Amino acid sequence: MVSDKLFNKIDEAMLKSILQSYQNDEMFITYNRGFNAIHNGAWMTLPFTDTTYTYMDLEFAHLAYSIDPALRFDAKLTIDWMQNKHPRLMKYPWKYGIKPTNSRSKLLIGKVVNKLKRELLGDNDVPVPFDDWYNNDIKLQTFVDGQYNSSLSWHFLPKSVIKDIQFLFNQGTIFEKFLCISFLKSVEMIFVRNA
């Protein structure tokens with residue numbers, strides 16, 4: 001889940017129905033936090049950076065899902081994959097704001113520091129410092145804000161939905177901003193292009 005700010009607006013029966021349509025929690029997370037986050041968010045940053053995701057490699061995904069989940073725990077295979085196939089990625093902050101590692105001690109330290117930052121400073125910018133990039137990169141801000149402001153889908157939406165989108169975009173993290181833009185672009189693709 002990218003955001004819980006509007007989660008209470010989802011009907012409980014609908015939520016239960018959605019959760020039951022997946023074979024297990026892992027598949028729910030993979031499709032909704034994994035694939036959707038990739039497709040809905042990564043394209044936003046493409047003018048400024050490159051992104052990669054292990055499970056978009058079909059051979060790797062088939063192999064990974066054939067392995068017992070206990071052996072895949074804590075992204076160990078993902079880190080090994082990055083180290084072998086994309087070693088340049090190993091120099092960028094990742095989980096808990098530290099460089100990718102399978103070291104239990106480094107992960108524990110990163111987790112503790114991250115928890116302290118979230119509790120003491122209200123900093124929820126994990127695992128990658130996208131909010132920091134957004135706040136400090138005028139080109140990225142201009143692009144993201146431009147995508148939001150120039151959407152052609154605003155007049156197709158009910159006022160209550162517009163209010164929720166505006167709240168989430170203005171009060172949310174960069175991930176929540178991407179979520180809003182992805183929604184607006186989806187509406188645009190469906191209604192504007194077919195009008």
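**View 1. Ser151 in the loop between H8 and H9.** In this predicted model, Ser151 sits in the loop that lies between H8 and H9. Ser151 counts as buried because its relative accessibility is 7%, and the cut-off for buried is under 20%. Leaving out residues up to four places away in sequence, Ser151 touches Leu184 and Glu188.

**View 2. Polar contacts of the Ser151 side chain.** The side chain of Ser151 is joined to that of Ser153 by a polar contact of 2.7 Å. A polar contact of 3.2 Å joins the side chains of Ser151 and Glu188. Glu188 is also one of the residues that Ser151 touches when residues up to four places away in sequence are not counted.

**View 3. The largest nonpolar core.** This core has 17 residues, and those touching the most other members are Val144, Tyr148, Trp154, Leu157 and Ile165. Two or more residues come from each of helix H7 (130-136), helix H8 (138-149), helix H9 (159-171) and helix H10 (174-192). H10 gives the most, with six residues. In soluble globular proteins, nonpolar side chains tend to be buried together.

**View 4. The surroundings of Trp154.** What does Trp154 touch, not counting residues up to four places away in sequence? The residues are Tyr148, Asn149, Ile162, Ile165, Gln166 and Leu184. Tyr148 and Ile165 are, like Trp154, among the core members that touch the most others. Leu184 is also touched by Ser151.

How values were computed. Residues are numbered from 1 along each chain as its sequence is written. This is a predicted model: local features need pLDDT of at least 70, side-chain atom pairs count only at pLDDT 80 or more; totals for chains, interfaces and linings use all residues. Side-chain values use heavy atoms; hydrogens and water are left out. A nonpolar core is a set of buried Ala, Val, Leu, Ile, Met, Phe, Trp, Tyr and Cys residues joined through side-chain atoms within 4.5 Å. Buried means under 20% relative accessible area, exposed over 50%, partly exposed in between (1.4 Å probe, protein chains only). Helices (H or I, at least four residues) and strands (E, at least two) are DSSP runs, numbered from the N terminus. Contact means heavy atoms within 4.5 Å. A polar contact is a pair of N or O atoms within 3.5 Å; within protein, one must be able to donate a hydrogen and the other to accept it, and residues adjacent in sequence count only if both atoms are side-chain atoms.
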